[in-house]
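Subject: Structure handover

Hello,

Here is the structure we talked about. Please open it alongside this email, as the notes below go through it piece by piece.

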Amino acid sequence: MTRNRSIILAPAVALGSYSLLLFHAFSSLGEFGSYRKNVVRQMVRVGVDSLPIVALAAAFSGAVTTVQTAYQLVSPFIPKSIIGAIVVPSMILELGAVVTGFILAGRVGARIAAELGTMRVTEQIDALEAMGLNSIGYLIVPRVIAGVVMFPVLYIAASFIGIAGGLFVGHAGGFVPAGEFIDGAREFFQPFDPVFGLIKSFVFGFIITSISCFKGYNTLGGAEGVGLATTQAAVISCVYILIADLALAATLL
Amino acid sequence: MIRVENLYKSFDGRPVLTDVSLEIPEGHTMAIIGRSGSGKSVLMKHVIGLLRPDRGRVTVDGVDIGRIPYGELRQVRRQFGVLFQGGALFDSMDSFENVAFPLRTFTSMTDVEIRREVEDCLAMVDLSGVGPKMPADLSGGMRKRVALARAVALRPRYIIYDEPTSGLDPETSNTIDVLIRDLAERLSVTSIVVTHDMHSVLSIADRAAFIFEGRMHWVGTIDEMHASTDETLRAFVKANEYQIGMPHAPDLP
Amino acid sequence: MKHSNELKVGLSIITAAIIFILGVRFFEDLPLFETTYTLETEFDNAAGLIAGNVVRVNGVGVGSIDDVYINPENNRVRVRFHVDREVPVRQGSHTVVSGFDALGVVRMDVVLGSADSAKVPVGGFIPSREQADLLGSLSEKAPVLIDRMDGALAQLTSVLETTRSMLDDPDGDARQALASMRGSVGTLDAMLRAERDRISSILEEVDGITSGLNRAMGPDGDSLAATVANMNAVMARLDQTLLTLDATASGVNELLDKVNRGEGTIGLLVNDPGLYHRTDSLLGSLDALLVDFRANPGRYLKEMRLVDLF
C-alpha cells in the first residue's frame, strides 16, 4: 500500500499481493464446510449459467473453422477428410478452451470483479470481517473452486458443440460429407489432445476467477473504482489466458 | 472494556491518527465526534481490528487485537456488532437471510430457532414483516434498521455504530437514535457511536470523545461537554446545533 | 430450489465426463460400448503390425489391433485384437498379416473358418498363417497380374498428369513420355503374352522406375515438396525408359505375329517363377503405393495441420 511504487517494482508488488491473497484464501480451506453451499451457487453461476453463450460461441467457431478450412483447401490433391483432421484438433486443442476462456473472462470475470468490488465499496466485505468471518476465504475460495471445476466442464461442452457445429455445417453446406470429416479427424486424432485441452481449461478457470477476485476484492473508491476493477479483471484475464496458452503449449506439447 | 493507547496510523505516509488514547468503560455509550475526515472511522476500524495500528495498541478485555493472529482476532470480533454507514447489507440476500446470516454461520441453531430469533431481532427494530424484501427495495432508514437487527443477532457485548444517522431525514434519524438508546438498555451493551451529528450524541450518548486533527482533543461526559470552555470543541458543537436548528438544544453558556 | 442447484452442477459434471470419455473413444476409433470381443493370435514376424492397425475380414474393416508384443515363452509375436460382435470368428479361422510396411499400411486379415464349426470364445486364440505362397498360385494369377500392371500404369499416368498440372512449368517431355507410355502399355500387355526374354528386359526398366518412386515416397519422402522433386527425377528416368520401350515396340509386332502362330503360350510364364514373383510384388507395391497416395495424401502431408495457426 505504499504510494511510491516504482514502475519496476509495481508488477512485483502486484504479484506478491495476488499470491498472498490466494494463499490467505486457500489457507482457510479448513472451513470448507461453511463454504459448501456457496461453492455450489458459484458453480451454477460460473458453469451452468454460462453454458448457452459458450455453446453458441463454440458452435460458430466450429462452423467457421470448417468453412474457412474448406475454402483454403482448393487442391484436388488433398482429400476433403483433411477438413475434419483440421477442425477437430483445432477445437480440442485450442478453440474449445480459448473461446470459452475469452467469453468467461468477459462474463464471469467481470461479474466476479463487479460483485466483489461493490461489496468492497459498500462495506459488505468489512461487515463480513467484522462478524468474525474470513472474508477472503468466504468470497474467493468458492469462486476459484467453481472456476477450476466448471471450466473443464464448459470446455468439454464447447469442444463437443464446436465439433458438432463444424460437422453439421461441413455436411449441410456440402463442404465435406460427415463420414469423411470423421475419418479425417480419426486419422490424426491424438489421445493427448483432449487431455491437454482439459489442463488448459483448468488453468484458464483458475486464472480468470483468481484474477477477477483479486481485482474485485482490492477495489478502491466508489462506483468508478468498481468500473475500473471490472474492466481490468476482464482485460487482464484475457491477457493472461493468452500468456498461459502459449506457456502451456511450449511446455506440454 | 476497550482501551486505545497512543494509537498512530498513517496511509501512504500521511498520518491520519497521530496520538489517540481512549478508554471505553463497560455498559456506557461513547460518542466519538469530530469533523469529516478527522479519523473517526479509522479509529472505529482499529477497535474491531479491520485496521492494525502502526504504533500504539488497542486492547479488548486486555487482549491486544493489533498483535494477535487472525484466527484469534476473528474470535474477538464475534463479540462485536457493527452497524456500517450504509448498512452494508448483503444485497444478494433478502432481509431475513441477512439477519439470519450470522446465526447460520456461527451457531448450530435449527431452522426453526433461527426463524424465531430473526423475527425477534426484526421486531426489535420495528420491522416485523420485511423479511422477504431485498435490501434494494428498502429505504435508507429501513436498511439501517435491518442492518442493526443483523448486528445484534448474535447478542454482542459491544455495538459499534458508524454514522448511524448520516443521510437520513431528521425524523428517521430520531427513530434510529431512539432504537440505539433502547438497545443499549435492553441488551446492556457497550456502545460506540461514531458521528458528527450532535443531535444524536445528545440523545444517546453519556460520554463523548472529540477527535481533532488526528488527536484525541477532548474526552468527557455529556455534562462536562456542556460545561467545557474549550474553544475548538465549543465551535464544533455550536456549528452542529446551528446546522440542525435543533429546537430543544440545551442552553450553552 | 436448494436441491436444484446441486442437481444442475452434478448433472453437468457427469454429462461432461461422459462426453469426454465417449468422445475420446470415438475419435480413437475404439468402440463406444462393448460391442466387440477380444481375440489373440501369434506370428513369427509381425511385419510392422502395431496397435491401432485395422483388422479385416474379406477386405472389410471389422476391428483393430489392441496390442503387439513378443511372447517371452516362445519368442513369437503375440497380437491381441478385437472384432465386432456380429463377425462370427469360428474354429478353423486363421490370421494373415498383409499390407505394405514401407507405406505404413500394414493390416491383419482374418480368414474365416467354415460356417458350421464352433465360434471361438472371447479371448480365444486363432492360429496364423504366413502370406500365401506366391509361386504356387502364380499360374492362375498370371492374367490378374497383367491386369494389375495395366491398372497400375494407368494410375501412374493419371498421377503424373495431376502432378504435371500442379507444376509451375509443365514439362513437355513428361507429357510426351506419358503419352507414349500409355501407348506402350497395350504393347507391353501383348508382349508379356509373347516372350519372356523381352519382357524380362522391359521389366527391369520398370523395376528401376518403381524403386525410384519407392525412394521418393518411402518412409523418408514424407513432404510434398520432396515428393514432387523426386517425382521430377523419376519422370526424367521414365522418359529414357520409355524410349527403350518404344524401341522394343516394333519387336513386339513380330512377337504378336508369333503369338498368332501359336508359338509362346501363357504356360511359358511359369517356367521362370522368380521373375514373376518379383514382378507381382513389385507391381503390387506400386499399385498400393499409388492408390494410397491418391487416397490419403494427408499421410504424406502431416506438416500441413493448420492447428498451430491458432
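A residue counts as buried when its relative accessible area is under 20%. B:Phe212 has a relative accessible area of 19%, so B:Phe212 is buried. Please keep in mind that this is a predicted model.

**Chains A and B overall**

Chain A first. Its secondary structure is nine helices and zero strands. Along the sequence the pattern reads α-α-α-α-α-α-α-α-α. Chain A has 253 residues, and 55% of them are buried. Take the contacts in chain A between residues at least 6 apart in sequence: 85% of these join residues at least 24 apart. The accessible surface of chain A is about 10300 Å². Carbon and sulfur atoms account for 72% of that surface.

Now chain B. Chain B has nine helices and 10 strands. Of the 253 residues in chain B, 52% are buried. For contacts in chain B between residues at least 6 apart in sequence, 64% join residues at least 24 apart. Chain B exposes about 11100 Å², with 48% of it supplied by carbon and sulfur atoms.

**A helix pair in chain B**

Look at helix 5 (residues 140-152) and helix 6 (residues 170-187) of chain B. Their axes come within 10 Å and cross at roughly 10°. Angles under 35 degrees count as roughly parallel. Helix 5 of chain B and helix 6 of chain B are therefore roughly parallel to each other. On the helix 5 side of chain B, the contact is made by B:Gly141, B:Lys144, B:Arg145, B:Leu148 and B:Val152. Helix 6 of chain B brings B:Thr172, B:Ile176, B:Leu179, B:Leu183 and B:Leu187. By class, this contact of helix 5 with helix 6 of chain B has six nonpolar, two polar and two charged residues.

**Aromatic pairs**

There are nine aromatic pairs over all chains. One of them is formed by B:Phe90 and B:Phe101. This pair is edge-to-face, at 5.0 Å centre to centre and 65° between the planes. B:Phe90 lies in the loop between strand 6 (80-83) and helix 3 (95-106) of chain B, and B:Phe101 lies in helix 3 of chain B, so the pair ties together parts that are 11 residues apart in sequence. Both B:Phe90 and B:Phe101 are buried.

B:Phe210 and B:Phe212 form another pair, and this one is stacked. Their rings are 6.1 Å apart, centre to centre, with 25° between the planes.

Which residues do ring pairs link into a cluster? They are A:Tyr138, B:Phe90 and B:Phe101.

Most residues other than glycine have a negative phi. B:Asp12 sits in the loop between strand 1 (2-11) and strand 2 (14-24) of chain B. With a relative accessible area of 42%, B:Asp12 is partly exposed.

B:Asp126 is in the loop between helix 4 (111-124) and helix 5 of chain B. Its relative accessible area is 60%, so B:Asp126 is exposed.

B:Val219 is in strand 10 (residues 215-221) of chain B. B:Val219 and B:Glu23 are 196 residues apart along the chain, and their C-alpha atoms are separated by 9.4 Å. Leaving out residues up to four places away in sequence, B:Val219 touches B:Leu22, B:Met30, B:Ala208, B:Ala209 and B:Glu224.

C:His94 is in strand 5 (residues 94-100) of chain C. C:His94 has 10% relative accessibility, so C:His94 counts as buried. Again leaving out residues up to four places away in sequence, C:His94 touches C:Asp109, C:Val110, C:Val111, C:Ile126, C:Pro127 and C:Arg129.

Best wishes

Definitions and conventions: Residues are numbered from 1 along each chain as its sequence is written. Chains are lettered from A and ligands numbered from 1 in the order in which they are written. This is a predicted model: local features need pLDDT of at least 70, side-chain atom pairs count only at pLDDT 80 or more; totals for chains, interfaces and linings use all residues. Side-chain values use heavy atoms; hydrogens and water are left out. Helices (H or I, at least four residues) and strands (E, at least two) are DSSP runs, numbered from the N terminus. Buried means under 20% relative accessible area, exposed over 50%, partly exposed in between (1.4 Å probe, protein chains only). Contact means heavy atoms within 4.5 Å. Accessible areas come from the Shrake-Rupley method with a 1.4 Å probe; for residues, only the protein chains shown count as cover. Axes are lines fitted to C-alpha atoms, for helices over the stretch in contact, and angles run from 0 to 180 degrees between N-to-C directions. Angles under 35 degrees count as roughly parallel, over 145 as roughly antiparallel, 65 to 115 as roughly perpendicular and the rest as oblique. Ala, Val, Leu, Ile, Met, Phe, Trp, Tyr, Cys and Pro count as nonpolar, Asp, Glu, Lys and Arg as charged, and the others, Gly among them, as polar. Rings of Phe, Tyr and Trp (its six-membered ring) pair if their centres lie within 6.5 Å; planes under 30 degrees apart count as stacked, over 60 as edge-to-face and the rest as tilted.
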